[in-house]
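Thanks, everyone. Today I want to talk about charged side chains that pair up. Let me put the model on the screen.

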Amino acid sequence: MQGGLPGAHEILFPVHRAGDVVAYDLPTLVVRRNLKAVIAGKVADCVAEERAFGHDFLFVPVLIGCGAILWFSLDVTPSLPALAIIFLLAAGLALLTRYNNGLSAAACGAAAFLLLGMLLADIETRRAGTVVLDTPVTTTITGTVVRREVDARGSWRYVIQLAATEAPALSRPPTRISLLSRGGGEPVALGATIQGKARLSPPSGPALPGLNDFAFASYFKGIGATGFFYKPPQAPISPKGDMKGETRWLEWADMRLYGLRSAIAERIRNTIGGDAGAFAASIVTDERQAISAPTMEALRLSGLAHIVAISGLNMALAAGIFFVGLRLTFSLFPAFAQRWPVKKISAFAALLMTLAYYLISGFAVSAERAWLMMSVMLIAILFDQPSLSLRNVAISALIILGFSPSEIMGPSFQMSFAATIALVSTYAWWGRRRSDHERLLIGRRPVWMTAAQMAGTVIGGVITTSLIGGLSTAIYSAEHFHRVTTYGLFANLAAMPLMSLIVMPFGLLAMLLMPFGLDAPFLKIMGYGMALVIEVANEVASWGGSAATGRPHEWFIGLGSAGFLLLTLLRSRLALLGIPLLVSAFGLSAAVAYRDVPDLLIHEEGELVALLEEGKAYTTKTRPQGFVYGQWQRALLLPEQPAPPVILKADAAVTSVGLTAKSKLTPEEMRAVMRQMTAALKDAQPGVFTCSKGIWCVARARSGEWIVVLEDGRFAGKACDIADIVVVSRRTSFSQCRSGALLLNRDILRRIGSVEINFAGSDQSEVVGRLRAAIAGANRPWSEHRYYDWKSDRFEYEVPEPVRRLLTASQ
């Protein structure tokens, strides 16, 4: 019945015969896998996973932002028609290939978004159209006050819509200016016409090549000049007619809104008082000038400066407290809570509250980003969608970039979004990990375990949030401020409970009750919490918690940002590609921090010059301008206190001082001054400047170069005969030294900006081996004022041949 199949006996007791041949099947040959194909397959799987979760949308604002950065970084403005045509072609190709998954379709889409960012940047720049003052001038101004803010000394800072100038009348006047009125007193009302004699100056450019250009930010804020009144301005001149009728309704509404903001800030400061009151007003209205300089420096050193700006922390606490408080209030009425969607009602009310908070916050980019994020989250609750996700961050970034792409160049935008992206990404990863872990738990936990877990979650959340926020913003803090805080974690651990439990809850109650005049008790409690936060900042700052990082490598910000975005925006293993980029960014900066140090620094005004010798900085000023030298110190890791110059005694300098009152000098007087300068150069200690106050400063480098710095252009010709480098902070009748010395006068420095010089050394025929300038060859709308000559009423772009040759050789 079984046919040829073996029986049970044969299976259990097989009989082997000697003649049987045992046959073995040969093993299957293992096909060698192609490593390249394996990697490509893994990458394709990861890309498919990212697309399945919609993470390709997260890179849309990244590409638009990169396009805006590229446009702002160009030396010359590209043609708008050509840019628009190329964008239309790229967008058309992207639409045709939108259903393809190949590399060409992705490249077309990326190119279209990059070009869109460039177009948005061009449109915003043309829309701003700010006229920037070309040169410092003293004049009498007349204009309308549109902004005002008090500082810690009681002085008022006014933003004025300029109407007229006289004695002299400016041929190219800016539209808006920012002026400081010292002496306190009653402020000028918003909308009033103000008049007074003032000193106007253009916004300052980069203090060194690669540092922040403050003229860029002023251009997009519409501020064409800054300065101060010589004395308190005249009594306000009442404007003729109705303010609302003479101006556009939007400007009128904006002025009224700022008036409300100023009134709220003043009430908070007067009720609380001191730095605590100024601090409290800053987190409500974003008016920060009233905080004293020592307190502000303590906040920076301790890593708590982010509290001052209205950012995600303030907005989230305010909206969260309002949302939860309203839901708890509804829960006291069970019948109402069961019949109506109280969660959505609370979300809608919180949405209105955040809008009011944003309107009185001064429209800073951090407040705008926080408001957009909270609005998207609350609207998501209204539509029963997940409220916290990276898509919400991307949407808010798209809105900001659509209206003001220039914000991406500033530290506020970069640090604000970096912290938000890092926090959302980390907690999303932790949520996925926690949900996978909880699937393995069966049964109900004991009460003590639940309580311990809740306490650990709160404490761990504060620690994790502070640590992530500090690490994520370290890239941009090093890039823009050249320092990082080392004890920020401890300061945030102590300050965050105060902000969450005292400051923001009572501040919110005070703001809700302020229209009824019942806010004072709650403001007092809020002020007590702010005073404790200031004490925490002072204590942590006393530990010395700020470390200068030096000027980073020019690729640092690009590599660091790319690595950070890959690490946070991707959820697959492709995110690990960001780690080598981050390591490379910090490695490059560490390698060049102490090597690329120049020998001579010259500020764009020509009055502050520093000679760097053997780790010391010798300056031409006994007390150099802290704002400028502070940037030099952090960027180049210089000593905190520079070596001051040697000022000639009265009997030796009397001849030079008397020369300032003369319009024309005799040959004997010229020769006497030259002998004095030559003797000072020969007798001076190497590196140290010797100065005749208000006339000249001279120094001799250890490698033998002679440097002369003049505040009187009449001596420029003679200085060229004895020096190797001549710096003049005034106009000169010539632009080149016939002796071959390098001449940098006021006009040349205006066109090229601040300068850093490396000496060629004794074995070279040239004195200057390398010359780098902050605004070398750049002709953009925010730097165009540097080339305007008010005497000839035209733009002069040329620089002398020796300077141009050195700049070209250094590129």
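R804 and E801 form a salt bridge, with their closest N and O atoms 2.6 Å apart. By salt bridge I mean a side-chain nitrogen of Lys or Arg within 4 Å of a carboxyl oxygen of Asp or Glu. Both residues sit in helix α28 (801-810), three residues apart, about one turn of the helix. Helices here are DSSP runs of H or I, at least four residues, and strands are E runs of at least two, numbered from the N terminus.

R804 is partly exposed at 37% relative accessibility. E801 is partly exposed too, at 38%. Partly exposed lies between buried, under 20% relative accessible area, and exposed, over 50% (1.4 Å probe, protein chains only).

A word on the source. This is a predicted model, where local features need pLDDT of at least 70, side-chain atom pairs count only at pLDDT 80 or more, and totals for chains, interfaces and linings use all residues. Residues are numbered from 1 along each chain as its sequence is written, and side-chain values use heavy atoms, leaving out hydrogens and water.

How many salt bridges does the structure hold? The count is 21. One of them pairs E49 with R571, at 3.8 Å between the closest N and O atoms. E49 lies in helix α2 (35-52) and R571 in the loop between α21 (556-569) and α22 (578-592), so this pair ties together parts 522 residues apart in sequence.

Next, E711 and K621 meet at 3.4 Å, N to O. E711 is in the loop between β14 (706-710) and α26 (716-722). K621 is in the loop between β10 (616-619) and α23 (626-636), 90 residues apart from E711.
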